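Hi,

Here is the structure we talked about. Please open it alongside this note; my findings follow below.

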Amino acid sequence: MSPDTAPPPMMRAARVAVILLSAIGIAIAMVQTLPIVAPGLRPITSAYYYALLGVFLAVVFLYYPSGRAERPTLLWLADWICAALALVICFYFASLARKIMTAGWSFSAPFWPTVGASILFLLAIEAVRRCAGWILAIVCALFGLYPLIADSMPGVLWGNQFTWTTLVAGHALGTESIIGIPFRVVADLLIGYIIFGVVLAILGGGEFFMALALKLLGRTRGGPAKVAIVASSLFGSLSGSVVSNIITTGTFTIPSMKKAGYSPHYASAVEACASTGGTLMPPIMGAAAFLMATFLAVPYGDVIAAAIIPSLLFYAALLLQADCYAARNDLQGADAEDIPTGRSVLRQSWIFVLALAVLIYVLLVLRLESYAPWYATGVLIVGGLLDPLYRSRVLGVARIIEESGAALAQLIGILAGVGLVVGALSITGVGSAFARELVQYANGNVYLLLFYGGLTSFVLGMGMTVSACYVFLAIILAPALVQAGLNPMASHLYILYWGMLSYITPPVALAAITAASVGKADAMKTGFTAMRLGIILFILPVFFVLEPALIGQAGAGEVAMALLTAGFSVALLSAGLSGWLYFSGRLSMVERGVIIAAALLGLYPEPMTDIAGVAVALAVFAIHRFRGPATA
């Protein structure tokens, strides 16, 4: 819900305040992140965090008003009161930042800071409720209050007890809770990337990637579906948002697929899977990837390197399934009049290609992770001002600031609340104890531990954002996987992948439901189709945990062999799921089952299973060629 739902006077005032606050927050972030903007003006780090928190919590309360649109003015005033309290309290703490650190106020604070900490605790929970709904708000509240009764809990849940004053001091004035790791990653790294994604979308990045994909693949068999997959992967890898990816590219791709002969639910499912995978595709990958780099204490480039092979395998599976579906149903490419000319694509390309090149160069070559998005955004803005094609969009400064502020407020509002969970688990000592108990309960059985981890990630992913789910499990589950001897990078990616699955899996299936609304398709039918198309997301995490070569964590020879067998297996899996085998034709239900089994054998990281998978696939191919294709 946005200020547009408010009565006109409230709407105008709220929008002006949101734009003004967002501009202030972005300016504060630029001063802190880019010393060249205002040399000598950088505040101490915790003061910066509190100032940023206050600004964007205020935006949360004004941009995401509580309750329904038609409501008493008193409730609108409550939004403004909450915004004012967030600003006053956080800037009060910012002014006392040095004293908070040196005087140990995170353990015991004077009366007025304790009152402010209590209010900030409540504001953080309310911000989560507005940004992510009741489920996550209740989870954050329960965990946030948990230290009050920790000494009365049984077994692994037992921990150090806190009084109310020490609890709120730890949450609001300490560095492990509200302004803990999740919030600090956003403040130090992610703000620039979010603004880059907003500017990219406003300038028409989604339209450019659509045009590029159409030119490259539009005339191929089932071209519109392949265009959707490529365009959504490119745009999603830079925007990092599943839903905005669907809304931006899906409004073009889904009607195009339907026009080519794809059913509404299949077209919507393709877009849902492609947009979901965009958040797993380098170079940006969304907030969780930056959080992962922080938890693992590795350069962000290492996370990108690990994510490349799984993401390429996922998109290969989507492209092959779309092609097999088109072959099975005799679908053709897009109409010639729908294909843009090479000249028009090149005309659009320079600004986006240059910005992407700058982003990758600064990010991976210079390794200036916090600077990269600001420089790339600068290229977009300067290039847009110079090019008449984009100038009017760049001059819509208010829209850029408002949308950037709204995106940042939503993320900061959620992660400030999730920080309560992290803080509670940390100060009570339950987080580390839970990991030890989980390893002991699995009794050394890696498969059982992976089952627990996957199920937990999937269930939490239903009620939390991907970032919130990842942070929670990075604290309590990832250490258990690492203690069991699994590769640390693979363990964290495993959690991320399984947390993403709820986007395409009923009953939640947020990506599928959003795509279905665009494609005017049945939501649940779309969800189950998306789950089948994206089934590789269920399988890949298990195999790259067992075989780290699939994430590049091995020698070049091992990585090459793992990629070869995985690519062959993905092709078989796509054929089995779609019912069409290349160079043979239609498959019967029995043949499809056998081909899928051969694919799973090939994915399992053992030489004997690879050989068995190839042998089974060749046997089916030979029998199929001898007998002829299935008729249905």
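**What I found**

D330 lies in the loop between helix 14 and helix 15. This residue is not a glycine, yet D330 has a positive phi of about 55°. D330 counts as exposed, at 60% relative accessibility. Keep in mind that the model is predicted.

**Overall**

The chain has 29 helices and two strands. Its radius of gyration is 25 Å, close to the 26 Å from the globule rule for 632 residues, so the chain is as compact as a globular protein of that length. Along the principal axes, the C-alpha atoms fill a box of roughly 85 × 65 × 50 Å. Of the 632 residues, 57% are buried. Take the contacts with a separation of 6 or more: 76% of them are between residues 24 or more positions apart. The accessible surface is about 24600 Å², and carbon and sulfur atoms hold 70% of that.

**Helix 15**

Helix 15 runs over 342-365. A kink of about 45° is centred on S349. S349 is also one of the buried residues of this helix, which include V345, Q348, I351 and F352. Further along, A355, L359, V362 and L363 are buried too. What do the buried residues of helix 15 pack against? Their partners are helix 8 (181-202), helix 9 (205-217), helix 10 (223-239), helix 14 (300-329), helix 16 and helix 17 (388-394).

Just after helix 15 comes R367, with a positive phi of about 60°. R367 is a residue other than glycine. Its place is the loop between helix 15 and helix 16.

L368 is in that loop as well. L368 has a relative accessible area of 33%, so it is partly exposed. It belongs to a nonpolar surface patch of about 490 Å².

**A cis peptide bond**

The bond from P282 to P283 is cis, with omega near 20°. P283 sits in the loop between helix 12 (264-278) and helix 13 (287-296).

**Salt bridges**

Side chains of opposite charge can pair when their charged atoms come close. The count here comes to nine salt bridges.

- R393 and E207 meet at 3.6 Å, N to O. R393 is in helix 17 and E207 in helix 9, so this pair links distant parts of the chain, 186 residues apart. R393 is partly exposed, at 30% relative accessible area. E207 is also partly exposed, at 37%.- D323 and R221 have their closest N and O atoms 2.7 Å apart. D323 lies in helix 14 and R221 in the loop between helix 9 and helix 10, so the pair ties together parts 102 residues apart in sequence. D323 is buried, with a relative accessible area of 11%. R221 counts as partly exposed, at 35% relative accessibility.
- R347 and D387 meet at 2.6 Å, N to O. R347 is in helix 15, while D387 is in the loop between helix 16 and helix 17, 40 residues apart. D387 counts as buried, at 5%.

There is also a network: salt bridges with shared partners join D79, E126, R129 and R130.

Best regards

Terms used
Residues are numbered from 1 along each chain as its sequence is written. This is a predicted model: local features need pLDDT of at least 70, side-chain atom pairs count only at pLDDT 80 or more; totals for chains, interfaces and linings use all residues. Side-chain values use heavy atoms; hydrogens and water are left out. Patches are made of residues with over 30% relative accessible area and no salt bridge: like charges are joined within 9 Å, nonpolar side chains (Val, Leu, Ile, Met, Phe, Trp, Tyr) within 5 Å. Accessible areas come from the Shrake-Rupley method with a 1.4 Å probe; for residues, only the protein chains shown count as cover. A salt bridge is a side-chain nitrogen of Lys or Arg within 4 Å of a carboxyl oxygen of Asp or Glu. Helices (H or I, at least four residues) and strands (E, at least two) are DSSP runs, numbered from the N terminus. Buried means under 20% relative accessible area, exposed over 50%, partly exposed in between (1.4 Å probe, protein chains only). The bend at a residue is the angle between axes fitted to the seven residues ending there and the seven starting there. Contact means heavy atoms within 4.5 Å. The radius of gyration is taken over C-alpha atoms; the globule rule is 2.2 Å times the number of residues to the power 0.38.
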